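I opened the model and kept notes as I went. The entries follow in the order in which I looked things up.

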Amino acid sequence: MIAIADYGVGNLASVRKAFHAVGHEAELVRDVSRLRSARAIVLPGVGHFGHCSREFHRYGLGPAVSDARSRGVPLLGICVGMQLFFEGSEEADDAPGLGLLAGTVRKMRGVPRLPQIGWNEVRVSGGHPWLAAADGWYYFVHSYAAEPDAGVTLGTVDYGGERAAIVGTEGLLGVQFHPEKSGPSGLRLLDAWARAVS
Amino acid sequence: MTVAKRVIACLDVRAGKVVKSVRFVDTKDIGDAIELARRYNEEGVDELLFLDINASHERRRTAVELASRVADELFIPFTVGGGIASADAAGEILRTGADKVAVNSAAVRDPSLLTAIAERYGSQACVLSMDVRRSGATFEVVVDGGRVPTGRDAVAWAKEGCARGAGEILLNSIDRDGTKLGFDLEMTRAIAEVVDVPVIASGGASSAEDFVTLFRQTPADAGLAASIFHYRELTIPHVKATIAAAGIRVRPTEAFVRR
């Protein structure tokens with residue numbers, strides 16, 4: 001089972017619906033013990049990093065996700081869910097991330113507008129088994145962007161300069177955009193991930 | 001580089017049916033919201049708007065249910081508006097699968113509504129929908145489905161709306177609605193040049209060239225049309241291709257395949 005971590009944040013139903021549309025079962029999971037038995041975990045998130053971090057930890061999901069990571073359970077982070085993979089965000093100094101990826105999250109500077117809202121083109125720059133043919137147009141809504149350490153960025157988007165759009169490492173992938181709202185390219189990405197982790 | 005210009009389709013819904021209007025009156029049935037939503041999702045529209053234009057208290061429940069069923073068809077951003085008068089009502093809409101809510105008359109009566117929605121759900125989820133008509137050399141805000149003039153200056157209201165939390169403006173030209181005279185470029189410029197948020201121009205589009213003109217001559221981020229898309233007088237792929245051929249950055253359409 002693909003578990004979508006349900007900590008009350010994000011457009012969870014849309015994520016589940018998108019997996020279903022490409023033929024994959026995915027369930028919203030709030031219960032920590034069920035999360036521990038998941039074959040793969042999606043970490044969604046939208047809005048304020050501090051709010052997401054606090055709710056995520058309030059539901060006690062931190063240890064379950066970190067444990068899943070150490071057991072090699074595939075992870076996919078979406079938007080603020082992806083940002084939670086890092087150590088923290090400038091948006092909320094007092095709210096920790098999971099520290100699964102090296103780097104931090106900072107407010108975008110020198111951009112046309114904040115937030116970036118709309119469709120933009122992503123170019124895959126790094127190799128990852130889950131990212132075949134992931135170049136394409138995706139839907140973004142964010143003011144903060146990950147600034148990963150070397151080697152973590154797998155895809156970029158040009159929004160007043162190159163920004164990290166896809167990050168990851170072996171067994172873990174994070175996307176700044178919303179694949180569940182990105183039409184055919186988004187569904188392809190979710191399908192490719194779900195097939196790879198099956 | 002910035003985001004692509006957007007082409008948006010709008011479902012004006014009344015009593016569960018998609019309707020067409022000219023200058024906000026003379027509405028008639030066009031068709032089924034679910035079927036249209038499915039078609040637009042497959043044709044590559046960038047976003048879909050659902051406006052229950054005559055939402056009354058007793059019809060709200062039906063409208064919310066229909067919006068939810070429309071959301072089920074979509075894998076693109078979805079905005080719902082019509083009769084939303086509280087942050088709680090906005091929350092109910094967002095939980096049904098919408099990404100943003102559009103507020104109009106209720107925000108004019110009580111602008112703190114914008115702040116309440118933005119604080120709870122973020123500015124990106126809070127769209128200020130403005131129905132505007134020309135009034136001499138200026139532009140006037142009209143409420144209640146184009147029936148009640150307010151005497152308020154549209155430019156001033158747009159600025160205030162953004163200051164209070166709106167993250168996007170949907171600018172509906174009453175004079176151009178359903179007329180096929182093209183977007184009101186002057187009105188769009190007047191608003192889009194003074195606010196920092198994206199502006200969606202609505203009303204009057206009849207050709208792909210109208211979208212090109214809009215993006216060339218104003219800072220609008222998006223162009224919206226309704227019945228010309230519903231009737232297939234104009235298709236989304238044709239509009240997108242025409243915009244791209246004019247050298248304007250737009251998301252290319254591609255076939256939508258559901259397994």
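Is B:Lys180 buried, partly exposed or exposed? I counted 15 other C-beta atoms within 10 Å, so B:Lys180 is partly exposed. The cut-offs I used: buried means 20 or more other C-beta atoms within 10 Å of the residue's own, exposed means 12 or fewer, partly exposed lies in between, and C-beta atoms are placed from the backbone.

Ground rules. This is a predicted model, in which local features need pLDDT of at least 70 and side-chain atom pairs count only at pLDDT 80 or more, while totals for chains, interfaces and linings use all residues. Residues are numbered from 1 along each chain as its sequence is written, and chains are lettered from A and ligands numbered from 1 in the order in which they are written.

Entry: Most residues other than glycine have a negative phi, and most peptide bonds are trans. I looked for departures from that.
- B:Lys180 has a positive phi near 60° and sits in the loop between β10 (168–173) and α7 (185–192) of chain B. Helices (H or I, at least four residues) and strands (E, at least two) are DSSP runs, numbered from the N terminus.
- A:Cys79 also has a positive phi, near 55°, and lies in the loop between β4 and α5 (80–83) of chain A. A:Cys79 counts as buried because it has 27 C-beta neighbours inside 10 Å.
- The peptide bond from A:Leu114 to A:Pro115 is cis, with omega near -10°. I found A:Pro115 in the loop between β7 (103–107) and β8 of chain A.

Entry: the sheet of chain A. I traced an open sheet of nine strands with mixed pairing, in the order β2-β1-β3-β4-β13-β12-β11-β8-β9. Two strands pair if DSSP finds at least two bridges between them. β2 (26–29) and β9 of chain A each have a single partner strand, so they stand at the edges with one side lacking a neighbour in the sheet. On average, neighbouring strands are turned by 30° against each other, direction ignored.

Entry: β3 of chain A. Which strands pair with β3(A) in the parallel sense? I noted β4(A) (residues 75–78), over three bridges to β3(A) (residues 40–43), and β1(A), also over three bridges. A:Ile41 has A:Leu75 as its bridge partner in β4(A). A:Val42 is the bridge partner of A:Ile4 and stands opposite A:Leu76 in β4(A).

Entry: Helix α4 (residues 61–70) of chain A lies across β1 (2–5), β3, β4 and β13 (172–175) of chain A, at about 135° to β3(A). α6(A) packs on the sheet too, touching β1, β4, β9 and β13 of chain A, and makes about 95° with β9(A). Axes are lines fitted to C-alpha atoms, for helices over the stretch in contact, and angles run from 0 to 180 degrees between N-to-C directions. Contact means C-beta atoms, placed from the backbone, within 7 Å.

Entry: where the chains meet. I have 28 residues of chain A in contact with 24 residues of chain B. On the chain A side, α1 (12–21), β8 (116–124), β9 (136–142) and α6 (183–196) each supply at least two residues. That side divides into 14 nonpolar, nine polar and five charged residues. Here Ala, Val, Leu, Ile, Met, Phe, Trp, Tyr, Cys and Pro count as nonpolar, Asp, Glu, Lys and Arg as charged, and the others, Gly among them, as polar.

Entry: α3 of chain B. In this helix (residues 87–95) B:Ala87, B:Ala90 and B:Ile93 are buried. They cover an arc of only 115° around the axis, which puts them on the same side of α3(B); the arc is that of the directions from the helix axis to the C-beta atoms. These buried residues pack against α2 (60–72), β5 (78–81), β6 (100–103) and α5 (112–121) of chain B. B:Gly97, which follows α3(B), has a positive phi near 120°.

Technical notes:
Contact = placed C-beta atoms within 7 Å.
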